[in-house]
Every structure is written in structure tokens, then in C-alpha cells.
Amino acid sequence: MKPVECENLRITYRRGRTVAVDNLSFTVGSGDIFIFIGPDGAGKSSTFKAVCGVLTYDSGKLLTFGVDPNDEKAFEPVKERISFMPQGLGQNLYKKLSVEENVDFFADLYGVTGEEREKRKKLLLKTTGLWEFRDRPAGKLSGGMMQKLSLCCILIHRPEFLVLDEPTTGVDPVSRREIWRLLYSFNREGQTVLVSTSYLDEAERGTELLLMKDGKKVVSGSYEDVVRTESQAFLITSDDPYAVYQKLWDITNTPRLKGNTVRVLIPPEKLKNFRELQKKMSFSAQPVEPDLEDLFVEKVGLRRVVLPPIFKPKTEVPENAVVVENVVKKFGDFTAVDGVSFTVKRGEIFGLLGPNGAGKTTLIKTVLGLYSPTSGRISVAGKPVGKDVKKLIGYTSQKFSLYYDLTVLENLVYWGSVYGVSPSTVKSLVSQVAPVFELQEFLNRQVAELPLGIKQRVALLSALLHSPPILFLDEPTSGVDPVERDVFWQVIRELSKKFGVTVLITTHYMDEAEYCDRVLLMNRGKAVALGSPRELKEELRKEMGNAYLIYTDEPFDLEEKLKSLGFKTALFGRKVKVYSLKPITEDYLKELGVPFKKLKPSYITMEDVFVFRVLSDV
Amino acid sequence: MFRVKRVFSIVKKEIRELLRDKISLITVLAVPLSMMLVFGYGLKLEIKHVPLGVLDYDNSYFSREILSKLISNGEYFYVKRYFSSEKELDRALTFGEVRGALLFPFNFEKDFKKGQGRFQLLIDGTFPYRAEVIKSYVNAVVSLENLNLMEKKGLKLPVSVKPRYWFNESLNQDYVVAVGTLAVVLAIAPAVFSALLIVKEKESGSIYNVYVSSIGKFEYLLGKLLTGFLVSSFNLAVLFVLLFFLFQVPLKGSFLLLILSSLLFISVSTAFGLLLSVFFTSQAAAFIGTVILTVVPSILYTGYLTPVSSMGKGALLTAHLIPTFYYMRLLKNIYFKASPFKYLFPDLLTLMAFFFVLFSLNYLFFKKRER
């Protein structure tokens, strides 16, 4: 009996007016680690809820362990065999109860008693490293620990099938790797795992994956099958990456300018044009393996954004646009920001990178003058933070400061007047910019009914109405798909490169760091590393060596073996990522006596940087 | 399969959470207490201490005699001010300095001796009930004075009435209000508490644990019901202490019956709150919705302020659909009349029926899924 068989699934909300899932078919086999990947609102949660019998689906065929979840009575016994973890950090936990009490309550719910319960509880809490925190209230755990506790809770009754809705979103990379490792170990015990994520870089960690967008399947299969494309992916470095990037648009609609590199997919028939361009502009193009973002971008296609010069700031800011010196911010006895220093240059895109609770938002609010620092010095545009500085700043908050009952235009006019821009100026500006932002058809619609990506653009535009020379963006791209994200980053890059706007941006997407000129990695209020993404990765590569992926059927045994040989490793589903200063070849592996199926060179990622910097920090 | 253990684990979890959350703990315990104190002390149905103005042009023995009779009791009227002109009096009435005024004309005593004594009573009519009461009081005092005079003249009175108040012999309004407030508080507080019990889990997301686990609907709802019942029983105990020791309302009937009917009523309002919790999806909406649905009917349609029998037919019918109406009647019967069980039985039975209907509706409408 397969855990899930699904054909032409359709789920709608608001009596059919909103289609969440449309014509979705997939099968989860026993023992799979099946990953659903997609931006927010893709339909992942709805599908998962339907699979668990928590949400009634509209039509199609859906069987969980051979039983239709819509059949309330018949499905009740199936619930003993599955576990569901809802989306959101620690969502299913009782925050006032201690770690142990939470697990006990779940045991009660599922009727796990006596010695079995104590044994299982101890095992789970020990493997997750929560045993020593068993008396701590769940609400006082870090995001990563909460997610691990959630896992313990839903595993107490030994379910055969785990359904986990975005267990790693907003969790720091170190905990993320630990959570995945836990999933693998349960999988090794024979549990089937269905898991969703909005991080594209997690795609490689499962045995099967399904990419979703707007309720529909984009592609599915094993990672290697999914990312197979006729086109060739290149990573381009050049002295003038922006010029190369501009020219590439003539060849393809897949170029992405990330820091000082350009990533592009070239279809076979355009390879000739590409080589000609390369000769003409003399840039170096390193062929790379396409990843899931490449595939997504190729399937959907990117759109070039060119900003009109109206966003050129009227005020010039000094070379050191934002200076932060030894800033500490405490709330009671909790230190949210702990002695952070950095300087953002004029026209630079500066990223603050870190998991939920790292202190990014507190830091950005302190720099904005919304909180006063406990100690340390801050200057924005050469002045201490104050009233006249605020006019030079554009800001979008994590939740977008939009009024959901107003239309897009009404919102923009409102925000214009807040910054002292007259409604007529806002309207003429909007009429010029709307085509660029692709907002024409949405201008007179209520914000509440817009898709996330559009909301994000409106929020960005509302912060730009007074052409500020400095822009603060707090998690602006959470949960949008790579194409939307690229539109956003093009706007940011144009602002910074063409008009000299200084941008300070926070994100918990590690791969998003690539778009920034420089990044500051933060963890638990402290700065962990500072530099351009390339530098940071290169530094780590010098220390740890190159990365390789080794394919295997026994990843745990392989990892143990490699660790005993002194290698640094990370688990990626049925693959082990290994770092080595000495080049690893198939012969070398044989010589070491390491069994393997396949060997592939891999890359140092920003996540690697984060994980190893944090670990060496501790 | 029904497992008692699971029901108790729900109760245990809820109580634990409550005990550790200081804010909700304070709310849960303090709200019924403060309602009892505020309503019990603050709500006065009697008209007392009315400020009067006096303009006495006559300034005679008899005008002063009438005035002293009016204020002799000391409880109902007092003279706020003496005036010397109508203009001043007018002002004082307009600004609410006095609520009524006595105007004795020149020759009041003279006219009276002729048997034609007349004086004017001015009343602020913005509060009709109070105006009514002032009028009746003054009338009563004047009539009494007339009778006295007639008796003095040797006239015999053909008819007289001797009232005696039963059940509440001293006609103490405070007792009635305190007991009525108990009913109102017990209609509101347990319902509001239990209205949040399921909604809060929907809001936080932990409701999914229940949806996807094998715990039965009945077990889950019973656990929540018991939680509400236990917490409200504790509140009940505190309220009884207030009633006995602070308000010192004498209990004439059986203590056992009082407890029994109160616990039964708590179950009804808990089940009602829980039912609302099944329908609402946000705590704010559940809170406001429950407050509106409990406060308005239990104050207006239960005989708390005005006797139900003096309301219109429609209102009387509405009152019979509200459990608080029956509980209020039970309370008054037990407290003041010491009615026998036989007489109380129908109301107890009705409350029981309410409970079973409400809990069945809970079971019927609660779904172990989002929709």
C-alpha cells in the first residue's frame, strides 16, 4: 500500500473562487523522502492537509494508505499511522508547557503509555539534543530547537509516514542540517517522509521532488532528472559584469546578475552567439551544473526591468553611507544585538544574513532609529539618527506596511503623503513606473486580494516614492518564487548601480546573499562573518578545500566512515557532501576503502559558510 | 474508542497552561470577582439621596413642617440648597445641581388654613424613573400629612392598608441585586472562558495535533468541557464566599440545592461557550461574540433589572429561551423563598435539557478537520 496516491487533485477556497491546488498528480512510495518545493501560496500546505485528512479536497483521486481522507470515518484509523507537522515555528507546541510535558501530552493523545513511552521519549529527546532542556518551557526554545521538539512530539507514536510542512523555514542553517539529519535517520528506520520547503537549495536533499507554482506542478522526479536540461549553465566573471549582463539579454531570458558574477542558461542553438559575445567582451565563463533555480527560471522565463531616472535621489550622501559601531541592543536581560560593527558604502547592496532570531530586524530597527541602542554609535548619511535623516530613508518592514483594505493606488498616495510627496506627483510617478513594475492591472484593486509577489513590489514602490538615497528592506523576498525574486533584485541593482542608492537588506535565504555586494552573517545577535559572498566562500574553500558529493545507498555508514577518516561532511539525502583540501577522485576513494555509487564535484555554498563559521565560533 | 485517560490528559494540559500563563490566570480569576463587586455594589435599583432645592416665599411654620417631614427619613431626600429667587432655582435645575425643587408661594400657610394650601414641586424629568419616584414620595408624604390633620380634626378613616413584605422582609434591594449578579456573572464568565478554549488552539495551530491524532471528538470536547467546568467551579466557590461574607445575603433554602443548581448552570454556560468556540476562528471574535451573546440577554431577559412578567409577550418568550432566566428563578426561590425541591424540579430539568442540547450541538458541529 503506497503512502500517497494522488491524481488530478483540486482544492479550492472561498467556494471555488480561489484555486489553491489544481490538477496535481503524484505518488509517494514507501521509504521515500519526498520534497515539495515552491514559493508561498503554491499550494503545498493545502495538499499536505488534504493528504492528512485535515482539509476536504474538491475533486480528483486521493488515497493515503489506500483510504480516501475525505471519508471522515474510514480515515480515522489511518491517522494512527501518520503524523503531521503544521507550518510555522513551533506551531503545534504548547508554549507554556515544558519540553517533556509537550512530549508527554502527545503520548497521551496517541495512547502511548508505560515503559514504551519513557523509552521512546528518552531516545527522541536524546537524539535531538533536547534531553538536557527537558524542563524548559517550549516557548523559550530557539526556532531550531522548537522544530526539533515538534518532530519529537509527532514521532512519539512511531508513525509510518511523516508529513512535515516547511519544518526548516526560518531556522538557522546549522539547525536546518540537524533537522534534515534527523529526517534521514527516521527514514533509515523505515519511515516515509513527505516534506515541503520554500528554499530551493534544499531540493537536493530528498529522493523525489515536486516543484510547484500557483497550485500546479512545474516538474517532478528525482533531483538529477528534474534539473536535466538541454541548455548549458554558465557562471560568468568579468571586470564589468553589468555590461555583460545587459548584452546577455539579447541571447536569453535567463541571466541573473549576482554580486559581480552573472549566472545564465544558454540553449544549444544559442551557444554560438554566446561564444561570439564572450570573444567580443572577453569574459570568463565557467560551465556549471544547472540547479533547481536555473530550471525554474528557464521554465518560467525572466523579464528585464529598466528603471526610469525618476528614482534618482536628489540628495547626495557621504561615501560612508551607514556606519554602525559596536552596537549593542538589550531587551531586559536578553541581548538581541551584541556588539556589531559595519560600514555600508554609498551605492552598495549590503545584506544582513541570518536565521530567525539572529537579531537582523532589531539591528535594522536600531539603525533606523526606531529603537535606541543600549550602547554603540550609529550614523546614517553622515548624521546621527534623527528626524531629518528619516527623510533620506525608504523602508519596508517584514510584514509590508500596506493597508489591505485600500487599493494599490490609494496605498501609494497615502505613503507619498506620509513622506511629503503630493498625490499628483505620486500619480504621475506611478503612471510612469507601473509598466516597469507590471502593476497596471492591479492599481485599482485591493491589496488584500493580490498575490504575495505583487504585494512585495507595491511595498517596495511605496518606499521609493520620495526617491530616498538610502533604502532599508527587512526580509522583502520571503516566500516568493525565483522569478519574482529576480524582478525585485533587478530593481534593487538598478537603483544601486545606476542611481547610487545605498541598500541595506535582511534575509534568511542563504542563496539570496549572492545578490548582495557584501554580506554580514549574523547568529544570536553576533556578527559571524563579513565580506563579499565570493570572498567568504573562497576563504572557506581555502580552509576546508573543495566540496564533493558522494552518492550512496547507505549515507549514514558512508558519513561515519568519512568522519573517521577525518573529513568534514554533511548529509544530503542519499548523498554525502564532503570537503577536502586534497582533491578527491574515484581512485582516491577506493584507496581509502570508501564504498560509493557515484562521485561528483560540488560547490561551497553560503550555507556552508554560515554553518562552518557558526560552528567554529562556538 | 473512548479512553478516559485521554480526556484527563486534555484537562491536565489545559490547567497546566492556565496556571503558567499569568495574564490569562489573572483574567480568569479576576473578571468574575470584579464583575461581582462592581455590579453587586454599584448597581442600585432604588432612588435615594435626591438633592432638593427649596424656594420658600412663605417661610411659615407649615411650609417648614412639610419640608422637615420630607427629609426626616434622611435616606431619600436632602436639601442641597435654599434659594431666594426663581431664576437661581431655574439655573440649579438646568445644571443638575438639584433634581427636584419645592416652591412654597406667599400665603401658603394662610391658604392652607382656608383648606386651599398649594405648593409646587419641580422635577427634573430626564430620568423618568427617578422623576416618578420623587413624585410618589412627595405625594405620599403630603397625603400622610393630610390624614394626620384629618385625624386631628376627629375624622375617622374608612379604609386603610397594612403592607407586609414577604421573602425579603426589609425590602433590601442589595440582596436581590447581589443574587441576581451571581446569575449574570455565571452566565458570562464560564462562557467567555470556554469560548477561547478551542479557538486559541485554532489560532496557534496546535489544533492540528487534535485533527490528525486518533483522539475522538467526544474525548476532546469532554476534556475541554471539564476544564471549563473546573475553572468555573473554582470561581463559583469564590463568588459564594463573597455572597455569604461580604454581601451577607441570608440563605433561606437548602445549601445543597443551591450548589447543585449552580454547578448545573455552570455546565450549561460552559457548553454554550464551547459551542461558540467551535464556530469562531479568532480569539478576538470569539471573545466579543460571546460577551455580546451572554451579557445582553442575561441582563435584559432574566428578571435581573425588571421582572420578566412585566415585559411584553415577545420578551417573555425570549426569556424562556435563555438558560439564565431559569437559573435566576432557581436562585431567588432557593435564596429567598426556601422553595421545596418539588417546586424547583422543573427548572432544574430545563437546565439539564439545555446542557444536553448544547453539548450535542458541540459534538455535531465540531469537525476534526479545517473544513
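Predicted model: local features only at pLDDT ≥ 70, side-chain atom pairs only at ≥ 80, totals over all residues.
Residues are numbered from 1 along each chain as its sequence is written, chains are lettered from A and ligands numbered from 1 in the order in which they are written, and side-chain values use heavy atoms, with hydrogens and water left out.

View 1. Chain A is divided into domain 1 (4-226), domain 2 (232-289), domain 3 (309-512) and domain 4 (536-617), with bounds that come from an automatic or database domain assignment. The centres of domains 1 and 3 of chain A, taken over C-alpha atoms, are 34 Å apart, and 13 residues of domain 1 are in contact with 12 residues of domain 3, where contact means heavy atoms within 4.5 Å. The area buried between these two domains is about 980 Å², of which carbon and sulfur atoms give 63%; buried area is the accessible area (1.4 Å probe) that two parts lose on being put together, summed over both.

**View 2. Chain B meets chain A.** Here 27 residues of chain B are in contact with 34 residues of chain A, and the two chains bury about 2,900 Å² between them, 49% of it on carbon and sulfur atoms. On the side of chain B, B:Val212, B:Arg369 and B:Arg371 lose the most area to chain A, together 27% of what that side buries. Between the chains there are seven salt bridges, a salt bridge being a side-chain nitrogen of Lys or Arg within 4 Å of a carboxyl oxygen of Asp or Glu. In one salt bridge, the side chains of B:Lys368 and A:Glu76 meet at 2.3 Å, N to O.

**View 3. A salt bridge joins B:Arg6 and B:Glu219.** The side chains of these two residues meet at 3.2 Å, N to O. Because B:Arg6 lies in helix 1 of chain B and B:Glu219 in helix 9 (residues 217-246) of chain B, the pair ties together parts that are 213 residues apart in sequence; helices are DSSP runs (H or I, at least four residues), numbered from the N terminus. B:Arg6 is buried, with a relative accessible area of 5%, and B:Glu219 also counts as buried, at 1%, where buried means under 20% relative accessible area, exposed over 50% and partly exposed in between (1.4 Å probe, protein chains only).

**View 4. Salt bridges within chain A include A:Arg613 with A:Glu543.** The side chains of A:Arg613 and A:Glu543 meet at 3.1 Å, N to O, and this pair links distant parts of the chain, with A:Arg613 in helix 20 (residues 606-617) and A:Glu543 in helix 17 (residues 533-544), 70 residues apart. At 13% relative accessibility, A:Arg613 counts as buried. A further salt bridge joins the side chains of A:Arg117 and A:Asp108 at 3.0 Å, N to O; A:Arg117 is buried at 11%, and A:Asp108 is buried at 10%.

**View 5. A:Thr407 sits in a loop of chain A.** This loop lies between strand 19 (393-396) and helix 13 (408-418) of chain A, a strand being a DSSP run (E, at least two residues). A:Thr407 counts as buried, at 14% relative accessibility. Leaving aside neighbours within four places in sequence, A:Thr407 is in contact with A:Leu443, A:Asn444, A:Arg445, A:Gln446 and A:Val447.
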